[in-house]
Amino acid sequence: MPGAMLPRMLERIAWKNIPRAIVLLPHMGWRTFEWLIFVTGGTITTFVMMIPLIATGIFVPFGFLSEKILKYEYVYGVLHNPIAAIIVTLMIILVGVHGSHRVGLMFGDLNIKGGTIVERMLYGVIILSGCIALIALLT
């Protein structure tokens, strides 16, 4: 029975290792944190950003959703909710960090010097613009 497999799968997870991982978090260094942000941005790009694309590209044209969700007033009202503004800003920042990391890797693959500098500059621009956007949305 498929429902019986879930408890067995959960038993395989090493729950005893989770507290040790939390204790090690402060000692992991910048590179681990950078990869964590990169992976989070990639996950958001893959799964979460598909929701608005599918909603506006498929559901609205076929009539499953109202065209009201595409109106400026509706989007403006949604984004003036502080929680929605923070979530959307974080999504955009994480996707941007993922993209800038990909650009840095592309520079490395093409043997272009200065890829790390460009990557760090893009990180700064994305985080700064995300903070400015969040301040603009919340005021």
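Q: Is Trp35 buried, partly exposed or exposed?
A: This is a predicted model. In it, Trp35 is partly exposed: its relative accessible area is 37%, and partly exposed covers the range between under 20% (buried) and over 50% (exposed).

Q: Which helix does Trp35 lie in?
A: Trp35 belongs to helix α3, which spans residues 30-48.

Q: And how far apart are Trp35 and His101 in space?
A: Their C-alpha atoms are 9.2 Å apart, although 66 residues separate Trp35 and His101 in sequence.

Q: Moving on to Arg102, where is its place?
A: Arg102 is found in helix α6. Its relative accessibility is 47%, so Arg102 counts as partly exposed.

Q: What is the spacing of Arg102 and Glu119, in sequence and in space?
A: The two are 17 residues apart along the chain, and the C-alpha to C-alpha distance is 8.5 Å.

Q: Let us step back to the overall fold. How many helices and strands does the chain have?
A: There are seven helices and zero strands. Read from the N terminus, the order of elements is therefore α-α-α-α-α-α-α.

Q: What share of the residues counts as buried?
A: The chain has 139 residues, and 19% of them count as buried.

Q: Now the largest pocket. What volume does it have?
A: The volume of the largest pocket is about 590 Å³.

Q: Which residues lie nearest its centre?
A: Pro52, Val75, Val78, Leu79 and Val88 do, out of 17 lining residues. Helices α4 (50-59), α5 (72-79) and α6 (82-109) each contribute at least two residues to the lining of this pocket.

Q: How many of the lining residues are nonpolar, polar or charged?
A: The lining of the largest pocket comprises 16 nonpolar residues and one polar residue, with no charged residues.

Q: Finally, the surface. Which residues form the nonpolar patch there?
A: The patch consists of Met50, Leu53, Ile54, Ile58, Phe59, Phe62, Phe64 and Leu65, which together have about 780 Å² of accessible area.

Q: Why can Met50 be called partly exposed?
A: Met50, a residue of helix α4, is called partly exposed because its relative accessible area is 36%.

Technical notes
Residues numbered from 1 in each chain as written. Predicted model: local features only at pLDDT ≥ 70, side-chain atom pairs only at ≥ 80, totals over all residues. Heavy atoms only, no water. 1 Å grid on protein atoms, 1.4 Å probe; cavity = no way out; pocket = protein on both sides within 12 Å on 5 of 7 lines; lining within 4 Å. Points joined across faces, edges and corners; volume = space filled by probe spheres on them. Helix = DSSP H or I, 4+ residues; strand = E, 2+ residues; numbered from the N terminus. Nonpolar A, V, L, I, M, F, W, Y, C, P; charged D, E, K, R; others polar. Patch = residues over 30% accessible without salt bridge, like charges linked within 9 Å, V, L, I, M, F, W, Y side chains within 5 Å. Areas by Shrake-Rupley, 256 points an atom, 1.4 Å probe, with all protein chains shown as cover. Salt bridge = Lys/Arg side-chain N within 4 Å of Asp/Glu carboxyl O. Buried < 20%, exposed > 50% of the residue type's maximum accessible area, 1.4 Å probe, protein only.
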